[in-house]
Amino acid sequence: MVHGFLIHTLCPVSAGSSSVCRVLYTRFFCSETLVPLPAGLDAGAERLLQKEQMMVVARQVKSACTLSREAAGKPPPESCLPPLDEVVAVQEADCGVFRLGAGEPFQVEKTVLWLGVLSLGFSLVCEPHENLLLAEGTLRTLARHCLEHLHLLGPPGTDVLLKVDRTEVLLDRLLPHGQLLFANHRFIHSLEKEIAACMAK
Amino acid sequence: MFTAGAESLIKQAREIQDEDLQKFYTRVSKLLHGKDFGNETVDSLQRLYLIVSATKYSRALPEDVLQLLQDLLCSSKTAEQFQALSCAILRETFPCDLRNLSDEEGNSKTISHVAEVTLAQGSNQDKVSSVAHRVLKCLEARQPEGQSSRYLLPVLSKVISLSPDSLTEDQINLVSRKLVDWLRYASIQQGVQLSSGGFFTSPRTRQPGPITEVDGAVAADFFTVLSLGQSYTEDQWMNMHAFSMIRKWLLCYSTDGSGNGDTDDKSEVDGSVMSMVSATSTSSRLLPPKERLREKAFEYCHRLIEQSDRKALKKSDAELQKACLIEAVTVMDIICREDPSFVYRAFACVKALYGRLSGDLAFSRALLPIAQFYLNHSETAAVDSEAVYRQLFTRIPSELFQEPMLAFEFTQFCRVNVKVLRESVGIFKHSFPNLFKPLAWNSPALISEYVELLPSLIGPDTAIEILHSLLDLPCLTAALDIQLRSASSQPSERVPLDPSVKVSSSMEAFRHPYYRGMFLYILRDEAGTGDTIDRLSVLHEVLADMADSPRIVQCAQTTPILLQVFFNEAAQFADEKLINQLVLVILERSSLLYDIPNYKREVQRVFSSQLLVLCKLHPSLIVEQCKELMEFSGTTGNIQSKENFYTHVVWAIGEYLSVSYDKRCTVEQITAFFETLEAVLFEITQVRLSASIPTYSPRVITMLLTTLSKLASRSQDLIPRVSLFLSKMRSFARSPAVSSWYSEEDIEEIHTRASELINLLKLPSVAQFVLAPSTEGTSPRWHRDTNTSLPLAMRAISKVLQRDSSFSPGMQQKAGNRPRNSVGQVPREVTEV
């Protein structure tokens, strides 16, 4: 099962004053465990914990991606020409995986799979021993649809913040409740038709 | 891409004023009350989501807005867009206690959305159980027309991964039966597809054709996720969802079945792997549900493995075939672990699969679950597994080290199975040169894996070679890089060079006979050809043109961490012989390193701390390695290139060259070391102190002074000699030439130390107490007995040290405030070990 999915920035936001890594969308498919919070902490604390956890993931992906691009001798994404279309963008994306040990920051071990498309990162937080080949295929499909339906390759790039229903519909179909699907191209095609029907409304 | 516009939206959402926010809530409430499902409502809900999600602190929505959102979520008539929006908003609004759904509201899609909100928020056992019961109730009932159970299986999968105990035994059996039906008996006709027809013709239903395989052939057997159709029927969707969750299900609920069943005769299907799976299917109608599910899941996996041999027409399906292979072998592994009677049947299939894939590197990722299967079951089935492991540990790391995903999975495999691999797979321990290749290439991503993996590779027989390999890890990165570039270059650029040609780059060196052997050694697959090579410095020099490439620098930054891990582990089992060997390697390699920015310094830092650890473990090594240590400490050049490490070596000599540590320590040895260090100190303070020579830090000077005094206190004939030297040093510190080189504080440091030592040595027995304290100093007696207590001794010593009248109390005060090395104390870095 996939524990969470997030979209975030990978390089300092050139436009803003900040050089922070911005998380643009996040979805945890369930709260982490059934262990009750320490007494005195309300549900707000759990939410805060989730937000902090996903920041940790985003930051780690950011540095993993930076290191991997640096090692491969790739130029920084700001100096790259934007790819022709979403399919090419996902094909050319950097991709990697790393493990988060127990307690760093999740209670149990997790595996993070990431895809870096120019200055955007798409990450899946998976349970350990997940079928990573399937997860990678799913992540690429998801990223391609996000780029397309949220118009992320060109400016202004605000749809990812404003059109959350689109991202939700994509996840509900392609990664329902964090379940990776063994969907062949015909299943995907049917799901895409459903997505298109939803988006058209 | 992310722009300033997006950034400002986040800011606005975070900084919205309370007054504006209340107005906004009122507007949302009005819109929802009015059942207005137009664009304005969509836009408002989208913004509401941004407002609640953009901050990490929760915002409390007004009760009526919450209620209206819940109504939206729970009503089966709500359009999907609104359901998605209300679901997203409610998920972000903690805490949110959803009211219970009434039965007529319980359509599968709504249940799925409600479960999403429930499970995303600090779920507890009760909530999970209630979700589970609702899902099961819905699964049991016949779905009304136009509704699909397929939204429910992912919820069920989530529930069981959160809390397997939520399901009762009866429910588990029920779902097991259902899973069997979905997996094994989905229809093999395509779903009915509504064709919209032309503008004038009415919609008509196209006659459904048969399901096909990924290569276009008509389906040969039952439906699986690798079966293609223009559109799918409900049970085919369920088939896909059921297989997607089957691994999780079997892991949760397979254990308590009566797995000891009949092991007889099942192996008779051996050899007929490529036959139709259904033909070999055992009659299993009478089995209990869990066992029947195992049987059917096994058949399903068997069929997937068969289907993966077909050539897919679509690239995405070819990828799915690989993912299916991994899943199928893993599921078979789980089934065999639960019920060993499957092992023979499974091996027939897995073995054939291995035969099919082993030659093709494109399928390497599927080799890992196969190897896992062999690791778990080859003993039960008495199958020879040597070839599988050999393939795994030779070809994969050496030919596919540059694939980040495979490298990660490979390392995970090694880490998870390290105990078994170490005990029963001979080739594993000797494959470390190969295992280091993915690490050298992807060091930042894999370092944490190797920190856990490395200790298991280190043994008395491999330690020295591993140490050399780690030190040359950045060289390995460079060599791998050259190897890759060379493989993709023109054939003309790959022919060996004439031995007489002078090499101008590392790329050329790779083709030059003189360097060939060195590259072959660095890139070797297995251990055992020797701990290291001669002329290593030549290799380092020829690789110099790559020393600042980012990949090599990254590797060099991670290596010191692994060195630390190495020494921690080696210290656990090292005997005297190994410790001596390690110290020799440390001394030799402290200067023999690839010249990468900061790399030498960091490695020497590890060496410094570890030398002291080794000395503590086996103090006699100072006597045993007397010749090498004397040579090292007598070379003034070592101070210039590695002052910190040199200081540690000198400290260790002063501390451990003593009869109390080793009876073999002779007066001659002490005198010889004394004379060597005296000459070095003389050279760096008296002879070399001219304008062109760099100054030496006061730390190394005071360390040498102290060590000389320590040695003198053990061989008292030397005391007059060292006292004379110390008084010279005192005047040296005050000479005008020196003040141009050292700051006031540095001079004071040297002067103070020299004075303290002179005072101490005036009372030889006290000097011995301070400079060569007995190892009993840590025993409780020294701290409890008032007559021998340390505080008493310390007070006496302070008095002795302060007898010198040449510096004022004010200066002492000043000196006391700074952290400095007091006589006989370990240098500051040393205490941090």
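A residue counts as buried here when its relative accessible area is under 20%, as exposed when that area is over 50%, and as partly exposed in between (1.4 Å probe, protein chains only). The model is a predicted one, in which local features need pLDDT of at least 70 and side-chain atom pairs count only at pLDDT 80 or more, while totals for chains, interfaces and linings use all residues. Residues are numbered from 1 along each chain as its sequence is written, chains are lettered from A and ligands numbered from 1 in the order in which they are written, and side-chain values rest on heavy atoms, with hydrogens and water left out.

Chain B first. Its 833 residues are 56% buried, and it holds 43 helices and two strands; these are DSSP runs numbered from the N terminus (helices H or I, at least four residues; strands E, at least two). Of the contacts in chain B with a separation of 6 or more, 74% link residues 24 or more positions apart, where contact means heavy atoms within 4.5 Å.

Helix α20 of chain B (residues 432–441) has 10 of its 10 residues buried, so it is largely enclosed by the rest of the structure. Among those buried residues are P433(B), F436(B), K437(B) and A440(B). These four turn up again around L476(B), which also touches I522(B) and L523(B), once neighbours within four places in sequence are set aside. L476(B) sits in helix α23 (residues 473–487) of chain B and is itself buried, at 5% relative accessible area. Its C-alpha atom lies 9.4 Å from that of P433(B), although 43 residues separate the two along the chain. Helix α22 of chain B (residues 463–471) is mostly covered too, with nine of its nine residues buried.

Another bit of packing involves α7(B) (residues 125–140) and α8(B) (residues 152–162), whose axes run 10 Å apart at an angle of about 145 degrees. Axes are lines fitted to C-alpha atoms, for helices over the stretch in contact, and angles run from 0 to 180 degrees between N-to-C directions. The contact between α7(B) and α8(B) is made up of 13 nonpolar residues, with no polar and no charged ones. In this scheme Ala, Val, Leu, Ile, Met, Phe, Trp, Tyr, Cys and Pro are nonpolar, Asp, Glu, Lys and Arg are charged, and the others, Gly among them, are polar.

On to the rings. The whole structure has 28 aromatic pairs over all chains. Rings of Phe, Tyr and Trp (its six-membered ring) pair if their centres lie within 6.5 Å; planes under 30 degrees apart are stacked, over 60 edge-to-face and the rest tilted. Y354(B) and Y374(B) are edge-to-face, because their centres are 6.3 Å apart and their planes stand at 65 degrees. Y354(B) belongs to α14(B) and Y374(B) to α15(B), so the pair ties together parts 20 residues apart in sequence.

Most residues other than glycine have a negative phi, and most peptide bonds are trans. In chain A, a cis peptide bond joins E104(A) and P105(A), with omega about 0 degrees. L118(A) has a positive phi, near 50 degrees, and counts as buried at 17% relative accessibility. R535(B) likewise has a positive phi, near 55 degrees, but counts as partly exposed at 40%.
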